[in-house]
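This briefing is written for a reader who will inspect the coordinates directly. It begins with the protein as a whole and then turns to selected residues.

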Amino acid sequence: MADRGLLRASIANRLLYSLGKDTVAATPRDWFHATALAVRDQLIERWMSALQDTESRPGKRVYYLSMEFLTGRLLSNSLLNLGLGAECHEALADLDVDLDDIQAIEQDAALGNGGLGRLAACILDSMATLSVPGFGYGIRYEYGLFYQGIEGGAQVEHPDTWLRYGNPWELPRPEVLYQVQFGGRSLHLTDDRGHHRRQWVDADTVFAMAYDTPVPGYGTHTVNNLRLWSAKATRDFNLQQFNEGNYFKAVEQKTESENLSKVLYPDDSTQVGRELRLKQQYFFVSASMQDIVRRFLQRHEPFERFPEHVAIQLNDTHPTIGIPELMRLLLDEHELDWERAWSITQRTFAYTNHTLMPEALETWPVELLARVLPRHLEIIYEINQRFLDEVRGRFPGEDDRAKRLSIIDEAGGRRIRMANLAIVGSHRINGVSQLHSDLMRSTVFADFAALRPSAFVNITNGVTPRRWLHHANPGLSSLITGQIGDGWIRDLRQLERLAPLAGQRTFREQFLAVKAANKRRLAALIRDRVGLQVSADSMFDIQIKRMHEYKRQLLNVLHVITRYNRIRDGRVEGLAPRTVIFSGKAAPGYAFAKLVIRLIHGVADVVNNDAEVGDLLKVVFIPNYNVSHAEIIIPACDLSEQISTAGTEASGTGNMKLGLNGALTIGTLDGATLEMAREVGDENIFIFGLTAAQVEERRAAGYDPWREYDANDELRQALDMIAGGRFSPDDPSRFRPVFDRLTSEGDQYLLLGDYAEYVACQARVDALYRQPDEWARRAVLNVARLGGFSSDRTVADYARLIWNVTPS
């Protein structure tokens, strides 16, 4: 491990020899890159040692396949996990450079959008910390999802140019290059031994090139690898076309090929966009499968032992095409028979489901697969036929059951159900909260659970305490460590020892002082990013999530309008001053979610400019939500909004991060919030609304949103203000679709059904917040009782229940 002097010399050498700058000419960005490279050198030493150790002994590697990895800034995380923070701060100070200043220069890697990507990053951190050897596999997106700008209150998407100045953490591997094919046709052949074989011919080819990023564990010498694939054309440049003056044609193949790794989730509202999405998924999965098989073959062992050395975890359905891809490699490239290949495949794969909403379960038109991946479609047909033969043998005469279980949906245009394929091809299927797993078994996948009950398990999500408490909230981290030591950083259950301190006035005062400092930091961010001055003495009521109807940001808005109306009417008794903060991106093609963002800004314009309201209520939307913003927002939160319709949120991890940082939660009994409520106690959380079972009962009984509208004066007033143009004076009909969605179009997510209870629950929040000492006591108990929601526990559960590996 480098001491202060060695690290200082390493940074100076990197500045000079890697960047070609001296200390006089160096810019802050140069210092950041020099420091990052010097820290990376320390990582690589551990990495090489860990790789040699893994290769030298028998054992299993875990391969985590995900379309997203939201890693955040890596300098601060690497220094934390390496235990080099103090040494680096001192080394840079010797060079007249401030570590905090250069850490702020690093751009977040644009490799994800929301909880799926952040979960994947937490899983990798915990795998390394628990010394579970493994790889993360994904795509090296050049522009990520998008950079969210706000113009006239509307979301505007810009390219996220996070690679503009290079990425000092990644190591290009031009020698790790795999061919990935699209199109063509499947040819039937008979080999010299008379065996029937298939060959994929006449296909277009793209190269996948690897970029590696080391992922260090905390307090351990284990360093795992995040391998991301970048698309490269097989032929970059057509000189003949160029010389003939066809300049665009000369680079056409390069441009088309490399589109595969340009952006995350291209808009799939067009046929071209849908095809690009499918190609993206296959591109990274094919390269990853080839890489995994190559690594296994280096052991010179028979393929029957493949599952003893390889565990592949599918993070949602996006990588599911990996199942037929591994089958293709085993059948066509390595000439295994079907039974052996299928046994190997099924014992290798496991699938994590992240949604039960039918409209969100990924499907692909058969026609599209036939055109883009013809060989894989043949394999899927064969998997399905053999599987349905098994189903009909178990349940003779039950044709409807067979139709529900089929990988091919024959209704309304033939489509491949990727979740069904993932379940059929995996030995374990897990949900990500107990409620989600129970619903998975009893609703959408009930037929599969009846067929293979032991294949379904629950593994509740978690978050890494290193990033989300120790690093993001240094004030609270220091306060905790001063009381119980630092063992909680690796064993979050130790936070239970804080519970008795909730009864100590001195500790509560210190806790509130930390929260106040964090709120001042967030207020400064809001002033700089939004141009709005907010009071750090007000309650910070925060909803930070991807914009989606089921997450019900719109219900929050309805409460804001109701609160505004009460203030305007002089009904302020019992109201605590409140700053309501939103942040999150809407998918480019999701018009209604984008309209909700515009409504939030319309409401903010009215509320924030009303002199009669003053600091009693402010509304803020922080643009371009990312990990770095979250690290400032989360520690400052007083009230965490977890208000999705019960039964729709698989788990959530923002709820855990906010609770661990001392926020109280207002929420429905949905996802992991239900488990959090059990842990912290009913008196320490604000629960409202219909349960998942009650939601289904209301729907079955014929839920009528107009009845809710007619019965509640405040609700009707808020909705009429939206529909009547109160928040869009330049275009009075702009938000009419919001009114229609919640009334005549049926209010799919029962916002109006939960409105009255939500508003009443918010009144209880106000009453408690006006008792700061009692609020602090309950917040401390939340921190103390949420230690079970660590991603270390999550990974330990995966290792025990699915991967069959033993963490060191």
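The protein exposes about 30600 Å², and carbon and sulfur atoms supply 49% of this area. The model is a predicted one. Of its 808 residues, 61% are buried, and its secondary structure consists of 34 helices and 22 strands.

**Overall dimensions and charge**

- A compact globule of 808 residues would have a radius of gyration near 28 Å; the protein has 27 Å and therefore agrees with that expectation.
- Taken along the principal axes, the box filled by the C-alpha atoms is roughly 90 × 75 × 65 Å.
- When contacts between residues at least 6 apart in sequence are considered, 76% of them join residues at least 24 apart.

**His309 and Phe296**

- His309 belongs to helix 11, which spans residues 306-309, while Phe296 belongs to helix 10, which spans residues 271-297.
- His309 counts as buried because its relative accessibility is 6%, under the 20% cut-off.
- Phe296 is likewise classed as buried because its relative accessible area is 2%.
- The two residues, Phe296 and His309, are 13 residues apart in sequence, and their C-alpha atoms are 7.5 Å apart in space.
- The side chain of His309 reaches the backbone oxygen of Gly59 at a distance of 3.1 Å.
- Not counting residues up to four places away in sequence, His309 touches Gly59, Lys60, Arg61, Phe296, Arg299 and Glu301.
- With the same exclusion of residues up to four places away, Phe296 touches Glu301, Pro302, Phe303, Arg305, Phe306 and His309.

**Asn684**

- Asn684 lies in the loop that runs between helix 27 (673-680) and strand 22 (686-687).
- How accessible is Asn684, in relative terms? The value is 1%, so Asn684 counts as buried.
- The side chain of Asn684 reaches the backbone oxygen of Val680 at 2.8 Å.
- Apart from its neighbours within four places in sequence, Asn684 is in contact with Leu664, Arg778, Leu781, Asn782 and Arg785.

**Non-glycine residues with positive phi**

- Tyr265 is not a glycine, yet it has a positive phi of about 50°.
- The position of Tyr265 is in the loop between helix 9 (252-258) and helix 10, and Tyr265 is buried because its relative accessible area is 15%, under the 20% cut-off.
- Asn624 is also not a glycine, and it has a positive phi of about 60°.
- Asn624 is placed in the loop between strand 19 (617-621) and helix 25 (627-633), and it is buried, with a relative accessible area of 5%.

**Glu367**

- Glu367 is part of helix 14, residues 366-372.
- Is Glu367 buried or partly exposed? Glu367 is partly exposed because its relative accessible area is 45%, a value between the 20% and 50% limits.
- The side chains of Glu367 and Arg371 are joined by a polar contact of 2.9 Å.
- Glu367 and Arg415 are 48 residues apart in sequence, whereas their C-alpha atoms are 8.2 Å apart in space.

**Phe207**

- Phe207 has its place in strand 8, residues 204-216.
- Setting aside its neighbours within four places in sequence, Phe207 is in contact with Leu177, Tyr178, Gln179, Ser230, Ala231, Lys232, Ala233, Thr234 and Phe283.
- Along the chain, Phe207 and Ala287 are 80 residues apart; their C-alpha atoms are separated by 8.7 Å.

Technical notes: Residues numbered from 1 in each chain as written. Predicted model: local features only at pLDDT ≥ 70, side-chain atom pairs only at ≥ 80, totals over all residues. Heavy atoms only, no water. Helix = DSSP H or I, 4+ residues; strand = E, 2+ residues; numbered from the N terminus. Rg over C-alpha atoms; globule rule 2.2 N^0.38 Å. Buried < 20%, exposed > 50% of the residue type's maximum accessible area, 1.4 Å probe, protein only. Contact = heavy atoms within 4.5 Å. Areas by Shrake-Rupley, 256 points an atom, 1.4 Å probe, with all protein chains shown as cover. Polar contact = N/O pair within 3.5 Å; in protein donor to acceptor, adjacent residues only side chain to side chain.
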